[in-house]
Amino acid sequence: RVARVAKRVIARIASPRSTSAQDNIEMPYALALVPFVASATSEHRRGPSRDVARRARGSVGVARGASSDTTAAETSGRAFIVYTKPGCCLCDGLFEKLDAVTSSREATSADADADALRGFVVVKRDVSTNAEWADAYADVVPMLFVRDDDGVEREVRRPTPKTSAARLGADLDAFVRRHRRAATGQPASPSWVVVSAPPDLGGMPRQ
């Protein structure tokens with residue numbers, strides 16, 4: 001509709017035969033429409049605003065999809081996914097810890113059931129190579145997500161720079177186990193244990 005109005009306005013302005021009484025009456029209205037038509041046409045070409053596009057992409061807590069040129073290993077299977085960008089020192093520190101976690105698990109764990117993190121790889125997603133990633137995460141990198149066998153990429157709270165690799169591994173292990181239990185309907189493990197009998201104090205008198 002905007003294009004049709006624009007064509008009529010332009011044709012009326014440029015027409016050399018605009019000498020009739022009707023033309024003289026309509027010409028001021030046609031000229032008055034020019035700024036509005038130009039503005040509407042420009043907005044139509046630009047598309048929706050950045051905020052509208054951001055809201056339409058999905059909810060917070062689930063990672064944005066991978067770009068079309070990524071490999072199958074980056075889009076499926078167990079992975080620690082980190083959104084990063086060039087010059088991010090926090091990202092470099094997180095990668096070092098994740099590499100230590102994955103390498104130590106592969107080297108020391110032979111039972112996949114005993115170690116929830118066995119088989120995980122580290123996937124880097126550079127936000128400078130993807131406009132959608134940049135819009136969502138450029139100001140908050142590094143962002144860490146865990147993708148398990150169900151294919152869902154779940155956000156993990158970013159560890160502090162002082163968090164050790166061992167502590168990070170333990171936290172990620174607990175995170176993965178918790179979601180696996182939830183997926184199978186199993187109750188979460190309690191953070192405390194009830195002792196039904198008093199401990200043996202080795203002959204020491206009880207108070």
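**Salt bridges and nonpolar core of the predicted model**

The structure holds eight salt bridges, a salt bridge being a side-chain nitrogen of Lys or Arg within 4 Å of a carboxyl oxygen of Asp or Glu. The model is a predicted one, in which local features need pLDDT of at least 70 and side-chain atom pairs count only at pLDDT 80 or more, whereas totals for chains, interfaces and linings use all residues. Residues are numbered from 1 along each chain as its sequence is written, and side-chain values use heavy atoms, with hydrogens and water left out.

The mean pLDDT of the protein is 73, and 50% of its residues reach 70 or more; pLDDT is the predictor's confidence in each residue, on a scale from 0 to 100. Over residues 40-60 the value stays under 50, and for this stretch the model has ten contacts beyond four places in sequence, a contact meaning heavy atoms within 4.5 Å. Where pLDDT is low, the predicted coordinates should not be read in detail.

Seven helices and four strands were assigned to the protein, with helices (H or I, at least four residues) and strands (E, at least two) taken as DSSP runs and numbered from the N terminus. From the N terminus on, the elements follow the order α-α-α-α-β-α-β-α-β-β-α. Of the contacts between residues at least 6 apart in sequence, 66% join residues at least 24 apart. Buried residues account for 28% of the 207 residues in the protein, where buried means under 20% relative accessible area, exposed over 50%, and partly exposed in between (1.4 Å probe, protein chains only). The protein exposes about 14000 Å², of which carbon and sulfur atoms supply 57%; these areas come from the Shrake-Rupley method with a 1.4 Å probe, and for residues only the protein chains shown count as cover.

In soluble globular proteins, nonpolar side chains tend to be buried together. A nonpolar core is defined here as a set of buried Ala, Val, Leu, Ile, Met, Phe, Trp, Tyr and Cys residues joined through side-chain atoms within 4.5 Å. The largest such core comprises 29 residues, among which Phe 80, Tyr 83, Leu 98, Leu 144, Val 146 and Leu 172 touch the most other members. Two or more residues of this core are given by each of β1 (79-84), α5 (89-108), α6 (131-137), β3 (143-147) and α7 (165-183). When residues up to four places away in sequence are not counted, Leu 98 touches Phe 80, Val 82, Val 122, Leu 144, Leu 168 and Leu 172.

Side chains of opposite charge can pair when their charged atoms come close. Arg 125 and Glu 153 meet through their side chains in a salt bridge (3.1 Å, N to O). This pair links distant parts of the chain, with Arg 125 in strand β2 (residues 121-126) and Glu 153 in strand β4 (residues 153-156), 28 residues apart. Arg 125 is buried, its relative accessible area being 2%, and Glu 153 likewise counts as buried at 11% relative accessibility. Glu 153 also forms a salt bridge with Arg 147, the closest N and O atoms being 3.1 Å apart. Arg 147, which lies in strand β3, is buried with a relative accessible area of 1%.

A further salt bridge is formed between the side chains of Arg 180 and Asp 148 (2.6 Å, N to O). Here too the pair links distant parts of the chain, Arg 180 being in helix α7 and Asp 148 in the loop between β3 and β4, 32 residues apart. Arg 180 counts as partly exposed at 26% relative accessibility, whereas Asp 148 counts as buried at 10%. Salt bridges that share partners join Arg 78, Asp 148, Asp 149 and Arg 180 into one network.

Backbone geometry was also examined. Most residues other than glycine have a negative phi, and most peptide bonds are trans. The peptide bond from Val 141 to Pro 142 is cis, with omega near 0°, and Pro 142 is found in the loop between α6 and β3.
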